[in-house]
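This briefing is meant for someone meeting the structure for the first time. Please look over the sequence and the model below, and then follow the notes, which are grouped by topic.

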Amino acid sequence: MVVSTHRPLPPEIRDLQDELEEIARNYGLDFFETIFEVVDYEEMSMLAAFGGFPIRYPHWRFGAEYDELTKGYSYGLQKIYEMVINTDPSYAYLLEANEMVDQKLVIAHVYGHVDFFKNNAWFAHTNRRMLDQMANHAARVNRYIDRFGHERVEEFIDACLSIDDLIDPYSPHIKRSQKAASAVKKSLEARKSESEQPEDGPGRFRSKSYMENFINPPDVLEQEAIARAEKMQQAEANRSFPNEPQRDVLLFLLEHAPLKDWQHDVLSIIRDEAYYFAPQGQTKIMNEGWASYWHTTIMTRHALDPSEFICYAEHHSGTMATSPQRLNPYKLGIELFRDIEERWDKGQFGPEYENCDDIEEKKNWDKQLGLGREKIFEVRRVHNDITFIDTFLTPEFCARHRMFSFAYNNATEYYEIASREFYKIKKQLLDNLTNHGRPLIRVVDGNYGNRGELYLRHDYVGVELKQDYARDTLANLGKLWSRPVHIETVVDDKETILSFDGTNHEMKPK
Amino acid sequence: MTRAIERDLNRFRKIVKGKVRDNLRKYVTHGEMLGRKGREIVSIPVPSIEIPHFRHGQKGSGGVGQGEGEDGQPVGKGQQEGDGQGQAGNEPGRHVREVELTLDELAEMLGDELELPNIEPKGKEAVKSKKDKYNTIRQTGPDSLRHFKRTYKQALKRQISLGSYDVRNPVIVPTRDDERFRSWKSVPEPQANAAIVYMMDVSGSMTDDQKEIVRIESFWIDTWLRKQYDGIQRRYVVHDAIAHEVDEDTFYRTRESGGTRISSAYTKARSIIDRDFPPDEWNIYVFQFSDGDNWGEDNRECLGYLTGNILPACNLFCYGQVESPYGSGDFIRELKKITDKWENMILSEIDNKDAIYDSIKQFLGTGR
């Protein structure tokens, strides 16, 4: 199989690319080399189902996703205009059926994304050669399928995927001890070395009896023995529980779950891929906002032909449409970037501005600093969605964009508008963004009750787990751990422990 | 080039079909897809096929939106339990997937599940049905079949050869001799002819529940037999004290009252067979559904007619007795007296909807 189905780009798009690349560069955008490919909708759906990559390991969920995308397209419900992946060089796919003006818009948009991938700090630790890595993963999984059978491998992958969001997206950015960084490698080496214990007793070299004291000095042997004992103790301690609750449940399983070699490898593949995709989830609003900011700038100031104006306006506004139930990340992102640019252009920041009490004066505040452009480039470098919202969402912005928070009403079974207060909106938004709006779960104990059982804790912050999902997920976790698994959470306002022992589910108060 | 995704798509489809297969008993018993009768494809809702994750529930959840509205104004409905991810604020809800299956596929699944043998049509391969195909041209025929193009061509040819065709004023006037008509030829087609005659007791003791059971069961019988024979013919007879031939729709919906005289239905069925389906050319299936309540004196007559006129004529005679709160259910006992002598006669008692599955197996398990 070939990794890329590269075809020569139509000359008119080639020209567009050159033109737009030049413009983007002049604005200071700094991107990887970008390779565009034109694909039909089926190919686009396939790539989208595969998360942007032409080759993934075999799994039915890609098929399910593809089925949904192609159906949605044929019923006219949805359409994917482009797709771009975070690699160096970057690959971007354009839909064949796009009109020229769409292609322009999309190419400009893509350069925004690629600039973001390259420069945003949260992407700094992603593997830029993921295209090869994914193909490599596919080859490995295929090999296991050939050896152990499709059903078995698939069932195991299903179980792994069920918990593939139990990772710690911040961990790649934290330099802990060497141990954490190479933990996966170590756990792999440990498996190998376990089976290769020397025969002569540890640390001792073979020697003639008269040389014994020179070749195997007793004090050295003793020291080694102590070190070994410590190491074993350490290993024993590691086995029983993490020192502090650990968010990277997948890593904990890699280190401590009784997995076969192929299972260990498959789980590490799933974990690698989860970490690769994590920053995209962490920066959705910023990334889309940034790309949209640049496509509008480039289109309206340079690339747009007057005859294309209506078409462009329609498509752009379609992308920016807002709805009461869902915050549009494109819209929120672009407006925040524009707001930041304006504020820093006019100097509407800092203590002097904050402390000004005169509304009228604040409104007309303009120190003509012209720092806006510089500021947004800085913002795109250092922030992620949470810090972005936390730092730059202002009461004025919320009011201007008619933002509100909504909450689920148990009695009516409807989501209802809860508040238009700035503080509450911001809190709700940050809540939704924290851990991608998913429950925070940590490993607390790997030797619960001294019976080798796994004990997780859900950090309850006011929203309970969806029960049926939790039970199924726990069952999948049980498959990996091979011993009973427990999760501490809150059910109906009471602290509860959900357990699964391999056959039965149990629920008891803590 | 086959795309890599085909592999995953096929795998997904297989899983979906597996789900349908696992739940086939449920689908069989509930008449969910009956409304779609007559179409080649049925869509079946399949409970979510997805990978479970730890997720937040609805209680206490919320989000941020944009737009007008007062506090307390609803912005979206919460999702029903089991509907999947329901957080209006975060992710779009997953929809229940509908799988489209052809009736053939469904029949095949049913066949596999129930281990139904394929039917061997009784030795009538030689029987030819004739089909008319409009594939020739004649010089005479009704105006409605006139072939305009051919007629025009013919007239053009004639006028050119006569020299009366004027390029500057190209008016073509066809005469009677120019006219050409579409015509047919009879094409013999080898075919195993099959017919089903359904009989149902609609007397006062048959309630809607019982009729629902009959409906569901005959849908599946239909589906299976249709897979076995091309172009299967169906006839419907309802009876109380007297029998009527009705169309399919009426068959399922009529409700009458009055006494019960099963022999009237048998006579009717036989007359339909004689009229439409000469038994030596047709594979005939007779299904009778009743609550087993018959007018006592009629029983002897029934048995006589059955052994004399119906059983010798058909591949299979099936009697399904649905349990009714009113009927005595005696009739099956009468039939049991003769069932040993006729191996093409099958009796089945259907106590409730759950029994449909097994009853179908009883009926169709013989491969006749």
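In strand β9 of chain A, the residue that bridges to A:Val491 is A:Lys494, and this pair belongs to the antiparallel pairing of β8 (residues 485-491) with β9 (residues 494-500), which runs over 7 bridges. The model is a predicted one, and the points below should be read with that in mind.

**The sheet of chain A and the helices on it**

- Chain A has an open sheet of 5 strands, arranged in the order β6-β7-β8-β9-β10 with mixed pairing.
- The edges of this sheet are β6 (441-448) and β10 (505-509) of chain A, and because each has a single partner strand, one side of each is left without a neighbour in the sheet.
- On average, and with direction ignored, neighbouring strands of this sheet are turned by 25° against each other.
- Helix α11 of chain A, residues 249-256, lies across β6 and β7 (453-458) of chain A, and the helix runs at about 25° to β6(A).
- Helix α22 of chain A, residues 467-481, also packs on the sheet, where it touches β7, β8, β9 and β10 of chain A, and its direction makes about 45° with that of β9(A).

**Chain A as a whole**

- The secondary structure of chain A amounts to 22 helices and 10 strands, and its C-alpha atoms fill a box of roughly 95 × 55 × 50 Å along the principal axes.
- Chain A has 510 residues, of which 37% count as buried.
- When contacts in chain A between residues at least 6 apart in sequence are considered, 70% of them join residues at least 24 apart.

**Nonpolar cores**

- In general, nonpolar side chains of soluble globular proteins tend to be buried together.
- The largest nonpolar core holds 123 residues, and the members that touch the most others are A:Ala108, A:Tyr111, A:Val249, A:Val266 and A:Trp294.
- Helix α4 of chain A (residues 100-119) supplies the largest share of this core, namely 10 residues.
- Apart from this core lies another one, of 63 residues, which includes B:Leu114, B:Tyr198, B:Phe251 and B:Phe331.
- Which residues does A:Val249 contact, once its neighbours within four places in sequence are left aside? They are A:Ile163, A:Leu166, A:Ile441, A:Val443 and A:Leu456.

**Where chain A meets chain B**

- The contact draws 58 residues from chain A and 43 residues from chain B.
- On the side of chain A that touches chain B, the elements giving two or more residues are α2 (41-49), α3 (60-74), α6 (150-162), β4 (403-409), β5 (414-419), α21 (422-433) and α22 of chain A.
- The residues on that side of chain A divide into 28 nonpolar, 17 polar and 13 charged.
- Strand β5(A) pairs in the antiparallel sense with strand β3 of chain B (residues 74-77) over 3 bridges, and within this pairing A:Tyr415 has B:Gly76 as its bridge partner in β3(B).

**A helix pair in chain A**

- Helix α19 of chain A (residues 385-392) packs with α21(A) at an angle of about 170°, and their axes are 9 Å apart.
- With an angle over 145 degrees counted as roughly antiparallel, α19(A) is therefore roughly antiparallel to α21(A).
- A:Asp385, A:Ile386, A:Ile389 and A:Asp390 of α19(A) make this contact together with A:Leu429, A:Leu430 and A:Leu433 of α21(A), and these residues divide into 5 nonpolar, no polar and 2 charged.

**Strands and helices of chain B**

- Strand β11 of chain B, residues 316-322, is mostly covered, with 7 of its 7 residues buried.
- From β11(B), B:Leu316, B:Cys318, B:Gly320 and B:Val322 point one way, while B:Phe317, B:Tyr319 and B:Gln321 point the other way.
- Strand β10 of chain B (residues 282-290) pairs with β11(B) in the parallel sense over 6 bridges, and B:Gln288 stands opposite B:Tyr319 in β11(B).
- Helix α3 of chain B (residues 103-114) and helix α5 of chain B (residues 208-228) pack at an angle of about 100°, their axes being 9 Å apart, and α3(B) and α5(B) are therefore roughly perpendicular to each other.
- In this contact, B:Leu103, B:Asp104, B:Leu106, B:Ala107, B:Leu110 and B:Gly111 of α3(B) meet B:Trp220, B:Thr223, B:Trp224, B:Arg226 and B:Lys227 of α5(B), and the residues divide into 6 nonpolar, 2 polar and 3 charged.

Notes. Residues are numbered from 1 along each chain as its sequence is written. Chains are lettered from A and ligands numbered from 1 in the order in which they are written. This is a predicted model: local features need pLDDT of at least 70, side-chain atom pairs count only at pLDDT 80 or more; totals for chains, interfaces and linings use all residues. A nonpolar core is a set of buried Ala, Val, Leu, Ile, Met, Phe, Trp, Tyr and Cys residues joined through C-beta atoms within 7 Å. A residue is buried if 20 or more other C-beta atoms lie within 10 Å of its own, exposed if 12 or fewer, and partly exposed in between; C-beta atoms are placed from the backbone. Helices (H or I, at least four residues) and strands (E, at least two) are DSSP runs, numbered from the N terminus. Two residues are in contact if their C-beta atoms, placed from the backbone, lie within 7 Å. Two strands pair if DSSP finds at least two bridges between them. Axes are lines fitted to C-alpha atoms, for helices over the stretch in contact, and angles run from 0 to 180 degrees between N-to-C directions. Ala, Val, Leu, Ile, Met, Phe, Trp, Tyr, Cys and Pro count as nonpolar, Asp, Glu, Lys and Arg as charged, and the others, Gly among them, as polar. Angles under 35 degrees count as roughly parallel, over 145 as roughly antiparallel, 65 to 115 as roughly perpendicular and the rest as oblique.
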